[in-house]
Amino acid sequence: MRAAIRHAVWIACLLATPAMGVFAADPPPPSATTLEAACTHAKIDTEVKTAFLPKMKEGAVEVRKSLCVEGATREQILAAFALFVDRLVEDKWFSPYGGFQGATDPLAGVQRALRTDGAPIPTIAVVTPPAGGDDVLEVAGSVFQPADVEQCNAKTDGRGCGPIFDEFSAYYTYAHNSFSSRGAQAFARSVAGLSKQWNDYLDSSRSMTPLELLINSALYKRDETRQFSPPPAVQYIVLHPSLVIENVSAAVGGEQLKEALMIEIGGMNWWQQDRWYLPTGGSIVAVYSDRPDIDEFGYGLALNFRSVYTIGYTRHGSKDGAFISFDLLKLVQDKKKILESYD
Amino acid sequence: MSKKKLIVVHGMGQHDDASVRKEVTDAFTTAFGFYESLKGQSVADHVDIVPASYNSFFDDYRKKLKERAGTLAERLAALDPTVPFTVNAVQQINDVEAKLGQDEFFTTHWLDVLLYYLTLLCEPIRLHVAKTIADAVAEVGGPNVHVLGHSLGTAVLHDTLAKTFGPQNLPDANGIVLNLSPIEHRLGGVHMVANVSRALQTFVKVGSSIVRPGPLGCTSVFIEYRHKLDPIPKIRPFNPTNNGEWIPQDIFKTVYGLLESSSVTEANVHGLGHYLITPMCHLPLFRMLFGFRPKKQEQEDGEKKYFDLTVQSKAKALQTAFGDLQPTSEESLQAVLDAAKALKDMVLKFGEGF
């Protein structure tokens, strides 16, 4: 299928070439309806410091045009790219500089991939051996070394084949990115979606003490895979201290309503639950407060709303108590002030 | 031709995009000064430095701790002083939490390592770095993107790349592609400065991950930069061997390198800037990022200018302290923290910052 499109484009270009004249050095500006990331760099730098492969630049621009101006599909862009690669191979692009060792060509692997439906198309990069030595081209883990560096030196003022490879890789990548960019953008979008979920988790979930963070993290990491994953749907609450306002009606006068220290011994919170009238979670609690004739410690249950506000029930020995969190108290007070301002 | 992008993932400490960009730009500018053909030129004209800072994730958590502990402390203080031990215990825990929220060295440096290694904060950090990489690849193409991690950043970078290019390179049930392709989005280079990724590895061993050059990897070249007197990367270093297991033997020396420098220009040999001004480190980077290939004389002159900056006294002290360093603990996290503390103490003695 890809080969058929390639041939059709080849014929169309042959017929169109006499009328087109010289290829433009710079592509026309991107289409107003195109938001392709690669088109933000649609203009190749006109100040080319080296000019070893002028025809290649023109060919790369043509491939990029198909993305930024004509809005082609991946198949159509690949066909234009295949044409570009075939021309380079037919022109024996590196022969003027001595060719590669073993009479190989890094584009041969690219052509094979282009002929295989669905195969990923490799990039080509310039690699400088870290320990020193001549630059090479790298294609999907295979390395291509120049056959005669001296032929390059003659053209590059003794700098080896590196400057030629730099130019080759730049134009090749410019053309290649015309279709590969979309995959990178799709990944970036999915990552952005996951990031938002994590930001929501960090902003909206119940605050965690270091102990809770460690426990929830251990549970998360226990199932961790090599894929990015969303935040956990449930938070475990463990020994979480906070202060509440508790009312024990059986206490002596003036002692019913008091601040108390609550420790949520264990519980769970489903932080994504967004209906305000339904609890996000709950826990078993111990509450401490000092009142005459009332047991200091009470035990009971708490319900959390929107992961922040807590109400609950306690039992101090035989005496009942009820409490709300300071956040909820403050919310009620703030609402009350607003209502009073309308009086 | 598009300028190449160098994505920088910082290490522990207080960093943001501006400070990371400045540190790298300043180091490169100093290095430019060593070479006649680069002197006076702007770094930004040659390479696009893209910081991927993640400190805000730690800062936000520390801030929440501080706020929560502050409110609780205030209220606890108002309670009856004749309180049982339970309340005392809560108060002490609260004091610890409050301390964790403060700007002390432990909390601004070591806590980063602990929070990354032990908690689920690691995942949103990796997603943030992954987005930075994906955006860059989408804009200029994989070969024009080089990624550099420093210290803790090497662990962040390794883990991010392992998941970004991971083995499950397929669309999910909703048709969303959750990976970059190691073939079509292959990176120009991965540069690990003071590499601690193996010491802090978790969900995948660094020797088994896709973060490598070669046919099974995601990058064209993989270089480690390690200073012989920097104690931190000595803890469980990543030392792949040329046995055909990690990458094929015929390309090992071409696509992988371990560059070990030993010259000292300041006591903080662990600093990213210290690494980058060393010719052994910046010359391969400059060559790959913007094709800088100085002639032999220019290179030798540049190296001489660099060596004129070296400080013998500091080198001697570091050699004595860390020349034959052995890890303090079998537990690599503990050993990394101990090594970092020892270096920090030495750096502060010389009146430098860490």
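Student: In the hairpin of β7(A) and β8(A), how many residues sit between the strands?

Tutor: Before we count, this is a predicted model, where local features need pLDDT of at least 70, side-chain atom pairs count only at pLDDT 80 or more, totals for chains, interfaces and linings use all residues, and side-chain values use heavy atoms, leaving out hydrogens and water. Residues are numbered from 1 along each chain as its sequence is written, while chains are lettered from A and ligands numbered from 1 in the order in which they are written. Now find the turn: Arg306(A) is in it, with a positive phi of about 50°. The number of residues between β7(A) and β8(A) is 3.

Student: And how many bridges join β7(A) to β8(A)?

Tutor: A strand is a DSSP run (E, at least two residues), numbered from the N terminus, and two strands pair if DSSP finds at least two bridges between them. Phe305(A), for instance, has Tyr309(A) in β8(A) as its bridge partner. β8(A) covers residues 309–316, and it runs antiparallel to β7(A); the bridge count is 7.

Student: Is Ile265(A) buried, partly exposed or exposed?

Tutor: Ile265(A) lies in strand β5 (residues 257–269) of chain A. Buried means under 20% relative accessible area, exposed over 50%, with partly exposed in between (1.4 Å probe, protein chains only). Ile265(A) has 40% relative accessibility, so it counts as partly exposed.

Student: Which cysteine is joined to Cys152(A) by a disulfide?

Tutor: A disulfide is a pair of cysteine sulfur atoms within 2.5 Å, and the structure holds 1 over all chains. Its S to S distance is 2.0 Å, and the link is right-handed, with 90° about the S-S bond. Cys152(A) counts as buried because its relative accessibility is 0%, and its partner is Cys161(A).

Student: Is Cys161(A) itself buried or exposed?

Tutor: Check its relative accessibility, which is 3%. That value is why Cys161(A) counts as buried.

Student: How far is the sulfur of Cys218(B) from the closest cysteine sulfur?

Tutor: Cys218(B) is buried, with a relative accessible area of 0%. Its closest cysteine sulfur is in Cys122(B), too far for a bond, and the distance is 19 Å.

Note on methods. Helix = DSSP H or I, 4+ residues; strand = E, 2+ residues; numbered from the N terminus.
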